[in-house]
Amino acid sequence: MKRPCVLIFAGSDPSGGAGLQADIQAVAAQGAHPLTVLTALTVQDNDRVYSVHPVPADLVSRQAQALINKGEIAAVKIGITGNMANADAIVEILRALKRKQPDLPVVLDPVQASGHGDALAADGPLQAAMTLLPLATVVLPNLPEAMALCGGERRMDAQVDHLLRGCPNVLIKGGHGSGPEVINSWYAHGSQKTWKWQRFEGSFHGTGCTLASALAALLASGRSMPEALELAQAYSHQTIRKAYAIAAGQRIPDRRGSNKESK
Ligand code: PXL
C-alpha cells in the first residue's frame, strides 16, 4: 500500500535526539514516510551545539526537486534551514509546490536556538522563519520564539493577532514556561483551543521536532487540523514520558510506537 510522504527540511543532529533524526522517527511512528532534505550538518551532543554547517542552497533545491519530480508530497515540515540562502531556496520550492497543490499542509517549526540557547543557524534564523511564515499552514513557536517573531511583543493576544496575519494556524507552546502544566494554545481565525499537559521533570532533546513532525504526518494522512494537533500532542507527550538517557544531560524522547500506549 502507498504511504503519504512528508517532505522534511531539517538539519542533522548526530546525537540522534533532535533535527532530521527525530523527524524521521516521528513521521514513521505516525504511519507516513519521511522524504528528507538535509539543510545543515551540526556538530552536537545531546546537550550542546558546537557548530552549524549549512548545505549549499542549490543542493537543498536539488534534493527536494528530485523527490518532487518522482512522487506526490502530502505535507511539508520545516525545521532549521541553516541560513537565509537555504530559507530562500525553500520558499521557491514551496511556491512551486503550492501552485499545483494550494491546500498542501506546511508545518513550520520556527527554531531560533537549541534548548540551551546555542545557535542553530549560520545567519538570520529570525529572518528565515519570517520569510517562510506566509507559506506555512501552521507555525509552532514556543514562548520566546513567539515573542521574537513579533518584534519583542510580550502580550500573547497581540502575538497571536500578528502571527495570524502571516499564517492561518498558530500553536503557541508553553514548554519553556514554568509550573506543573505545559499549556499549548491553538489559534485560527474563528477557532481556539487550549491543551494542558503534565510537565515532566528534567530537560529533553528534540521535543519541538517531535511535535512538528508528528503533526505534519497526521496532516499528510488527511486528519483535520484540530484532530492532528490533538493526536500529535498526545504522541509527543507520551514520547517525553518514556524518554530515556544516552549520556548525562538532556534525555531523548522515545518516539517508537504509535499514538497508543506502548510498553
Ligand atoms: O529542536 C530544534 C532543533 C532542530 N534542528 C536541529 C537541532 C535542534 C535542537 O537541538 O539540533 C538540527
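**Entry 1: β4 and its partners**

I looked up strand pairing around β4 and found that 3 bridges join β4 to β5 (residues 106–108), the two strands running parallel. I noted that two strands count as paired if DSSP finds at least two bridges between them. I also noted that helices (H or I, at least four residues) and strands (E, at least two) are DSSP runs, numbered from the N terminus. The model is predicted: local features need pLDDT of at least 70, side-chain atom pairs count only at pLDDT 80 or more, and totals for chains, interfaces and linings use all residues. Residues are numbered from 1 along each chain as its sequence is written, and side-chain values use heavy atoms, with hydrogens and water left out.

I then checked β1 (residues 5–12), which is joined to β4 by 4 bridges and runs parallel to β4. There, Val6 has Ala75 of β4 as its bridge partner.

I looked at where the β4 residues point. Ala75 and Lys77 face one way, Val76 and Ile78 the other way, and all are buried. Buried means under 20% relative accessible area, exposed over 50%, and partly exposed in between, with a 1.4 Å probe and protein chains only.

I recorded β4, α3 and β5 as a right-handed β-α-β unit. Right-handed here means that, with the strands pointing away from the viewer, the path from the first strand over the helix to the second runs clockwise.

**Entry 2: Gly82**

I located Gly82 in the loop between β4 (75–78) and α3 (84–100). Is Gly82 buried or exposed? Gly82 counts as buried because its relative accessibility is 1%.

I listed its contacts (heavy atoms within 4.5 Å). Leaving aside neighbours within four places in sequence, Gly82 touches Ala40, Pro54, Leu120, Ala121, Ala122 and Asp123.

**Entry 3: β8 and its neighbours**

I turned to β8 (residues 181–188) and found 6 of its 8 residues buried, so the strand is largely enclosed by the rest of the structure. Strand β7 (residues 169–172) runs antiparallel to β8, joined by 4 bridges. In that pair, Asn169 stands opposite Ala188 of β8.

β9 (residues 191–198) pairs with β8 in the antiparallel sense over 8 bridges. I found Glu181 opposite Gln198 of β9. The hairpin of β8 and β9 has 2 residues between the strands, and Gly190 in this hairpin takes a positive phi near 85 degrees.
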